[in-house]
Structures are given as C-alpha cells and as structure tokens.
Amino acid sequence: MPSDSDRPPAIWVDDLWVTFRASREGAPTLRNSLVGLHRRNERKQAMLVEALRGVSFEIPSGAVYGVIGRNGAGKTTLLRCIAGILPPTAGRVAVWGHVTPLLSLGIGFNRELTGRENILLGGLTVGLSADEVRAHFDVIEDFAGLGGAIDFPMRTYSSGMFGRLAFAVAVHLNPEILLIDEALSAGDASFKMKCMDKIRELCERDCTVLIVSHGLEVVKTLAEHCIWLDRGELRMDSPASEAIDAYFAEEDVDETSAAALEDV
Amino acid sequence: MSASSIRMPSVYEATESGLPPMRRYIRDLRERRRFIWHLARTDLKGKNYGTVIGQSWIILDPLLSAGVYFFFRSVVKSAGTGNARALILSHLIWGVFFFTFTQNSMNYGARSLIAGRGLILNASFPRAVLPLVAIVKGMLDFLPTLAIYGVFHAILGQPFGLSLLSLLIVIPILTVFNMGVIFIMAAANVFFRDTANFLPYLTRLWLYMTPVLYSTKEIPANLKVYLRWNPLYPFFGALEQIFGAQFPSAGYLLAATAWAVGFFVVGSLIFLAKEREFAVRL
C-alpha cells in the first residue's frame with residue numbers, strides 16, 4: 001500500500017499496464033470474424049499497442065498534478081484508468097474519493113435539449129443526485145455566463161459556449177478528484193482565467209486535480225507537480241517547472257516559444 | 001487527518017472477465033435510477049424533436065402499420081363483415097402494439113451501447129444503465145399505445161371484463177422478457193457491429209412467426225407444433241384470451257414466465273460478464 005506521507009493519498013497507481021489489440025481490419029462485423037476464422041495467422045498480426053507500460057506514482061489529496069507528454073504517450077489512457085473506465089491489463093489503481101472525469105466536453109449532453117436541461121443531465125451523468133444538481137443550479141448558470149442562450153437547444157451553441165457550460169457543470173458539482181483532459185482549450189481568455197481561479201479554489205477545499213494539457217502554460221501555472229509520460233512509460237515525476245523544462249529540452253523546443261506554451 | 005484517508009478506496013485491478021460483485025453492482029444501479037429515467041426521457045424528447053407531428057409518432061407509427069397489415073390481410077383473404085371484421089381489426093391493432101414493444105426494445109437495445117459510446121468512454125457507471133434506458137424507452141413508447149388500444153377496443157365493440165386485469169401480470173412478464181432480449185442485443189452489437197443491420201429482417205421474420213397478423217386458432221395443426229416454440233407465442237396466446245374476455249390459461253403464463261426468466265438470466269449474465277470489455281471494444 002502507499003507509503004506514509006504528510007498528506008493522505010488520493011490516487012495511487014501501481015505498476016499499471018494497459019495494452020490494446022489494434023487491428024487493421026475494419027469494424028468487428030460478423031463477416032469479418034467469419035473471414036477471420038480462416039485467416040488465423042493474419043489476425044495474429046494485429047498490432048499490440050502498449051498504451052501504458054508499468055507506470056507507478058502516487059498523488060496526495062488536494063494536490064494539482066499535470067500530465068505532460070507527446071501525442072499518444074498514454075495520457076488519456078491513464079486518466080481513463082483512474083476514472084475506472086478502462087480496466088488495467090496488469091497492475092492496480094486505487095482512488096480515495098469520488099472521481100469526476102472531464103475527459104471530453106459535455107459528456108451526456110443532448111444537443112436537442114436546452115442548456116438548462118443539460119445541466120441536470122450532465123450532473124446525473126457524473127453520478128450526482130438531482131437534488132445535488134439543483135442546489136448548484138444558479139451558480140452553474142452564472143459561472144457559464146451564457147445569458148439568454150441557456151434556454152436555447154445546445155445545437156445552437158458554438159463550441160466555446162458548449163465547453164463553458166460543460167466546465168461549469170463539472171467544477172460546481174463538488175468534485176473530490178477532478179480529471180481534466182484538454183478541457184480548458186475551448187474557452188476564450190477571460191473564461192480560461194475564471195477556470196484557473198476555480199481550480200485553485202477547489203484545491204483549497206481539498207479537491208485533487210489531475211490535468212492533461214498541451215497548453216503547457218496552463219500546466220505550469222496550475223500544477224505543483226508534473227508527471228511526464230513518454231511512450232507509455234513514466235519518464236519523470238517531479239515539481240512542475242523541472243519536468244516541463246526537461247520536457248522542453250528533450251523535445252528541443254525553445255522555452256520562450258509562445259506557440260508551445262499557448263493553447264493553439 | 002482528512003476523511004479520505006479513513007475511507008476505503010475504489011480499487012481497479014486486472015481481473016479475468018467475470019461477473020462484478022453483484023450486491024454492489026445492484027446498489028450502484030439503484031443510485032443511478034434518476035439518471036436512467038432522465039436519459040430515457042430526454043432521448044425520446046430529442047428523437048422526435050425535428051418532426052412536425054413529434055411525439056405522436058410513437059402512436060401513429062404502429063397504428064399506421066396495423067392499418068397497412070389490415071389492408072394486406074383483406075387483399076389476401078376477405079376479412080368478413082361486422083363482428084368478424086371487428087375482431088380481426090382489434091386483434092391486429094393490439095398485436096402490432098404489443099409486438100412493437102418488443103421490436104422497439106430490440107432496436108433501442110442493439111444501438112444502446114454504440115449510441116452511448118461517448119458516455120462509456122468518458123464516464124464511469126454500471127454499464128447496465130444503458131440497456132435499462134432502452135427498456136424504459138420501450139416502455140414509454142408502449143404505454144400510450146395501450147391507452148389508444150383501449151379506445152379501439154371500445155369502438156370495435158370488443159368485450160370488457162375482469163380478465164383485462166390479467167394484463168397487469170402479462171405486461172410485467174413481457175417487460176422482463178424484453179429486458180433479456182435487450183441485454184443480448186446490446187452485447188452482441190458490440191462484438192458484431194452488423195447485428196443492428198440484421199435486425200429489420202429478424203424482427204420481420206419474428207413478426208410473421210408470431211400470432212400478430214393472425215390468431216392462434218388460424219394456425220394449421222402441422223405448423224403449430226413448430227410455432228409454439230417461438231418465445232413470443234405464449235405471450236400472444238395469453239393476450240388473445242385476455243382481449244377475448246377470458247382469463248389467460250396457466251399453460252401460457254407458465255411458458256411465458258419460463259421464457260422471460262430464461263432470456264433475462266442468460267442475457268444479463270452475458271452482458272455483465274462482458275461489460276468490462278466494452279470500453280476497450282468501442
């Protein structure tokens with residue numbers, strides 16, 4: 001079990017392996033699997049993708065951790081494992097507290113319904129009771145700042161508006177462990193600032209935040225600690241600025257380059 | 001010390017595919033009942049949003065089908081006059097309405113996991129939520145049609161009696177049966193994506209093998225031997241008795257219950273055993 005530290009752990013990941021079998025065949029249809037029976041050998045050539053290879057770390061409760069790494073390094077897979085969505089192939093994940101995954105914006109939202117109706121739907125999706133959602137209704141509406149658009153069907157929303165509402169729902173529903181995957185990149189500058197303030201506020205209330213972003217500036221300002229994943233392996237688990245500097249050095253990107261830091 | 005250090009953690013480990021701990025699973029499902037209800041309602045609301053007649057399609061669709069089948073029947077063979085025709089027409093209407101319940105359940109079920117792909121990949125909840133949403137949707141589509149049939153039953157001068165109360169037994173059994181069908185369809189469609197494409201043919205074949213467009217009395221004895229092994233046969237046999245103001249026979253009810261329990265147990269076990277694989281397969 002996790003080692004004793006000054007803060008109790010919120011997330012504990014122990015030698016986590018996740019492998020997928022990615023096949024070059026199309027969708028798994030009946031025809032394909034019948035044909036496959038005759039072509040066993042060819043099927044065995046299906047590529048085995050090792051998305052995570054023996055990753056171990058521990059996150060104390062109330063901490064903000066960043067996850068950095070190239071595309072395909074296993075960042076989203078890691079978050080999905082912590083949320084209990086993907087079963088590990090080997091190893092173990094333990095989480096203390098309710099996990100609110102913000103892996104993709106507006107999960108559970110129905111585009112035909114109004115923003116107001118979707119607040120309830122989004123809250124129920126992350127596992128809250130209707131009463132809990134209703135108690136936060138006004139604050140969410142206020143935070144999203146959509147004005148009259150809240151009573152329009154969400155198919156009329158721009159992607160920015162969609163993201164604002166999704167984020168507003170996620171952060172106001174008393175998350176204990178919040179997983180954020182590239183969610184901040186949708187909003188405009190002022191909304192982004194609002195989100196960062198909100199995340200800091202959540203941390204003061206002992207909420208643990210794990211944030212994946214290619215916008216390293218976001219990670220740098222928010223996260224105290226960083227996990228650097230490289231091709232499925234844990235490359236570094238250290239204070240955020242150290243990890244980001246090392247990542248830049250490796251990737252040979254000039255740190256002052258605005259494009260790398262900013263969300264593009 | 002904060003409370004979180006004392007609390008038991010949720011642990012995710014590599015386990016062989018097998019059944020999840022049942023007691024905890026059912027508790028989690030119960031906690032999600034509002035979500036199931038809301039998801040079903042909003043899905044249906046969204047589905048009929050774009051059409052002019054909107055929600056009334058739920059009733060119009062099976063009613064128009066019944067009309068077409070009646071026309072078809074009259075062409076093949078004279079539907080008779082007066083009472084005989086009224087009986088045929090009422091049988092067709094309730095038959096199509098009840099069959100549509102099973103048919104809709106199958107369609108919603110087969111598509112439930114693929115349609116809920118975003119939810120499955122990005123949120124953690126007992127996956128049986130999605131098939132349950134499918135049965136609630138099927139139910140919400142079905143109940144209004146039952147009320148409409150009541151009106152036709154009166155207009156067509158069919159008998160009313162206490163036996164109609166037996167519907168309160170047959171409908172729950174049929175719902176359990178449909179639930180089993182949904183579990184099977186939902187899991188099958190993840191592993192064989194074209195299951196949903198086969199469905200229209202499968203349901204049509206099933207329709208013709210079930211006493212929906214004809215009554216059980218019209219089936220020749222040499223065919224009845226085979227047709228009575230159709231799982232829906234005892235349901236429609238019992239319904240025929242009920243709408244004819246008779247109490248359903250014990251034989252039909254027992255057979256229907258056996259099919260319902262069988263389908264439900266097999267379907268839910270398959271679903272639960274495979275559920276952890278869904279996120280990887282989708």
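In chain A, strands β8(A) and β9(A) form a hairpin with two residues between them, and A:R231 in the turn has a positive phi of about 45 degrees. This is a predicted model, with an ipTM of 0.77 and a pTM of 0.85.

- Six strands of chain A make up an open sheet, in the order β5-β6-β7-β3-β8-β9, and their pairing is mixed.
- At the edges of the sheet lie β5 (99-102) and β9 (233-239) of chain A, each of which pairs on one side only.
- From one strand to the next, the twist averages 15 degrees.
- In general, the strands of a sheet pair through backbone hydrogen bonds, in either the parallel or the antiparallel sense.

**Strand pairs within the sheet**

- Strands β6 (residues 177-181) and β7 (residues 208-212) of chain A pair in the parallel sense over five bridges; here the bridge partner of A:L178 is A:V209 in β7(A).

**Helices packed on the sheet**

- Helix α3 (residues 75-82) of chain A packs on the sheet and touches β3 (64-68), β5, β6, β7 and β8 (225-230) of chain A. The direction of this helix makes about 155 degrees with that of β7(A).
- Helix α8 (residues 189-204) of chain A also packs on the sheet, touching β3, β6 and β7 of chain A. Its direction makes about 145 degrees with that of β7(A).

**Architecture of chain B**

- Chain B contains twelve helices and one strand, and from the N terminus on its elements run α-β-α-α-α-α-α-α-α-α-α-α-α.
- Taken along the principal axes, the C-alpha atoms of chain B fill a box of roughly 80 × 45 × 40 Å.
- Helix α9 (residues 195-209) of chain B has 15 residues and spans 20 Å from its first C-alpha to its last, close to the 21 Å expected at 1.5 Å a residue.
- A kink of about 30 degrees, centred on B:Y201, is present in α9(B).

**Confidence in chain B**

- The average pLDDT of chain B is 88, and 94% of the residues score at least 70.
- Within chain B, confidence is highest in helix α11 (residues 233-243), at a mean of 96, and lowest in α1(B), at a mean of 46.
- Over residues 1-5 of chain B, pLDDT stays under 50; for this stretch the model has eleven contacts beyond four places in sequence.

**Contact between the chains**

- The contact takes 44 residues from chain A and 32 residues from chain B.
- On the side of chain B that touches chain A, at least two residues each come from α1 (3-6), β1 (10-13), α3 (33-47), α6 (117-122) and α12 (250-281) of chain B.
- Of these elements, α3(B) gives the most to that side, with six residues.
- The residues of the side of chain B that touches chain A comprise 15 nonpolar, ten polar and seven charged.
- Strand pairing also links the chains: β4 (residues 90-95) of chain A and β1(B) run antiparallel and are joined by four bridges. The bridge partner of A:A94 in β1(B) is B:V11.

Conventions
Residues are numbered from 1 along each chain as its sequence is written. Chains are lettered from A and ligands numbered from 1 in the order in which they are written. This is a predicted model: local features need pLDDT of at least 70, side-chain atom pairs count only at pLDDT 80 or more; totals for chains, interfaces and linings use all residues. The expected span of a helix is 1.5 Å times one less than its number of residues. The bend at a residue is the angle between axes fitted to the seven residues ending there and the seven starting there. Two residues are in contact if their C-beta atoms, placed from the backbone, lie within 7 Å. Ala, Val, Leu, Ile, Met, Phe, Trp, Tyr, Cys and Pro count as nonpolar, Asp, Glu, Lys and Arg as charged, and the others, Gly among them, as polar. Two strands pair if DSSP finds at least two bridges between them. Axes are lines fitted to C-alpha atoms, for helices over the stretch in contact, and angles run from 0 to 180 degrees between N-to-C directions. pLDDT is the predictor's confidence in each residue, from 0 to 100.
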